[in-house]
Amino acid sequence: MVNSSTNASTPPSTLHKQYTLYVDGACKGNPGKGGWGAYIIDPEQGTKELFGGAEDTTNNRMELTAAIEGIRACPRSAKLTIYTDSNYVKRGITEWITGWKAKNWKDVKNPDLWQILDEVTQGREIDWHWIKGHAGHEGNERADHLANKGVDSLQSTATTSSGKSDDKKKVTESDWLLDDPFGLDATDSTEEADLPEETEHLEELEEKVTDEISDENIISTPKAEIKAQIKENMHIKITETTNPQVGERLLILDTETTGFYYQDSDRIIEVGAIEMINRKLTGSSIHIYINPEKPVGESENIHGISDEFLKDKPKFAAIADTLFAYLEGAEIVAHNASFDMNFLDAEFERALNQKLSSVCKVTDTLAIAKRKHPGQKNSLDILVKRYEIPPRDRTFHGALLDAEILADVYLAMTGGQVSFSLDQHHQNSASDQSINTNTNTQHDIPLIFPTESELEAHQAWINQFKEKNEKDCLFAVAEAKPLES
């Protein structure tokens, strides 16, 4: 259904004229009743308004429909400048669509609408722009009004003239949850480097482990101001330090969300982080459930957190100051860190007009795992098995639980110590060994040299590596000869 109204007359000739379009979508529930709107400004300052709706749809589908219908309403020869508040639409049509077409739309959400949008843009001169929604921009506000008008129009057309309800075709979308985009399930693809194009990757930073200790790095958490804020909001759970340490402050962090698209409408519903200093857990942690102001949808199958459970939880804006104060200045360690940081940056930018990534370093354990185990599966579950870390019940992926698991994985990948509970045992063992080895006893250590055939096989492997990768491997040597005793 398309409704339209026009102000001023369209000029008789529109050849190479400039048209400006503002397009937007809306959804009452996601999925639910949806509407789309397109506000078009023609070359002679006239305006045209289009809107429509669908009974069972999603916000993303309405955003796409608005763009499609807006473009269709303009002459093919006209130059179009399009403004959308959906990064999903803007980046999809300008960046991701080439890759989607190359893989024949496999695992792409809303492929029918993306193919239509691709078709209607062919041969046109279009300049796409993203604009922040609900920021007071006149054109965007008008398109948003039209989109909501499209939702409202469904009520007036709910029945036909005969009094029977119109048949509505239910929109069926591929389930992103089944594709495991976060690398959490053991059945993930061996090509984990091929993450969805929608993810904006932060720079992969090497983890930094240092033995240098300075009094300036002593961290005391939680801070006094955080304590005061906690008293006002009992939904924020911060445990105090029980094992004070000196050194760089790391926060092993995980989030749970309503979906995959931080650029569009998905929100954070849970944050969990545990503190580590000098490779030891300090006992301090933070855990918050958050009302996302939208249904959790099918993501409940992953994290088990329902709309009913979240309805009395605080909104992100209410906990933003406390959470930011706890995280600020620390090194954030997360698995597929770009996912968590993109969501946190988006939430903090909305609430505080500041990004977390501007005040924190970031270490991605997925990037570390890929460097250590190239070509292998590197999901969190796989790494737990690979490093023989005691398993925990992960029927649902809770943020704090996953942060605790990730702490063990991080320690195992970057040095060997796999849990805080083993730390004292290792210290005691090291102390006992130092006593036993403080003697003048000398031992003959046998040396076993490789055979000629082993050396030849080793060199053949090195040559194959160099031919395949066009560079020497770590073990390449000019000459491999046995050491003389």
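Contact here means heavy atoms within 4.5 Å, and the model shown in these views is a predicted one.

View 1. Serine 285 lies in strand S10, which covers residues 280-289. Leaving aside neighbours within four places in sequence, serine 285 is in contact with Lys237, Ile238, Thr239, Ala273, Ile274 and Tyr326. Because its relative accessible area of 11% falls under the 20% limit, serine 285 counts as buried. Tyrosine 326, one of these contacts, also takes part in an interaction with a charged residue: the charged end of arginine 249 sits over the ring of tyrosine 326, 4.9 Å from the ring centre.

**View 2. Tyrosine 88 and tryptophan 114 as an aromatic pair.** The search of the whole structure finds 14 aromatic pairs. One of them joins tyrosine 88 and tryptophan 114 in an edge-to-face arrangement, with 5.4 Å from centre to centre and 70° between the planes. This pair links distant parts of the chain, since tyrosine 88 belongs to helix H2 (residues 87-102) and tryptophan 114 to helix H3 (residues 111-121), 26 residues apart. Both tyrosine 88 and tryptophan 114 are buried.

**View 3. Tryptophan 96 and tryptophan 100 within helix H2.** The rings of tryptophan 96 and tryptophan 100 form a tilted aromatic pair, 6.0 Å centre to centre and with 55° between the planes. The two residues are 4 positions apart in helix H2, so about one helical turn separates tryptophan 96 from tryptophan 100. Tryptophan 96 and tryptophan 100 are both buried. A single aromatic cluster includes Trp96 and Trp100 together with Tyr88, Trp114, Phe260, Tyr261, Tyr262, Phe339 and Phe343.

View 4. Just after H9, asparagine 353 adopts a positive phi of about 60°.

**View 5. Phenylalanine 348 and the nonpolar cores.** The largest nonpolar core comprises 63 residues, and those with the most contacts inside this core are Trp114, Leu117, Leu323, Leu327, Leu344 and Phe348. Not counting residues up to four places away in sequence, phenylalanine 348 touches Phe316, Ala320, Leu323, Phe324, Leu327, Asn353, Gln354 and Leu356. In soluble globular proteins, nonpolar side chains tend to be buried together.

**View 6. Lysine 313 over a ring, with the chain as a whole for context.** The charged end of lysine 313 sits over the ring of phenylalanine 309, at 3.9 Å from the ring centre. The chain that holds this pair contains 14 helices and 12 strands, and 46% of its 485 residues count as buried. Among the contacts in the chain with a separation of 6 or more, 71% are accounted for by residues 24 or more positions apart. The accessible surface of the chain comes to about 25900 Å², and carbon and sulfur atoms provide 48% of that surface.

Notes. Residues numbered from 1 in each chain as written. Predicted model: local features only at pLDDT ≥ 70, side-chain atom pairs only at ≥ 80, totals over all residues. Heavy atoms only, no water. Phe/Tyr/Trp six-rings, centres within 6.5 Å; stacked < 30°, edge-to-face > 60°. Buried < 20%, exposed > 50% of the residue type's maximum accessible area, 1.4 Å probe, protein only. Lys NZ or Arg CZ within 6 Å of the ring centre and 35° of its normal. Areas by Shrake-Rupley, 256 points an atom, 1.4 Å probe, with all protein chains shown as cover. Core = buried A, V, L, I, M, F, W, Y, C linked by side-chain atoms within 4.5 Å.
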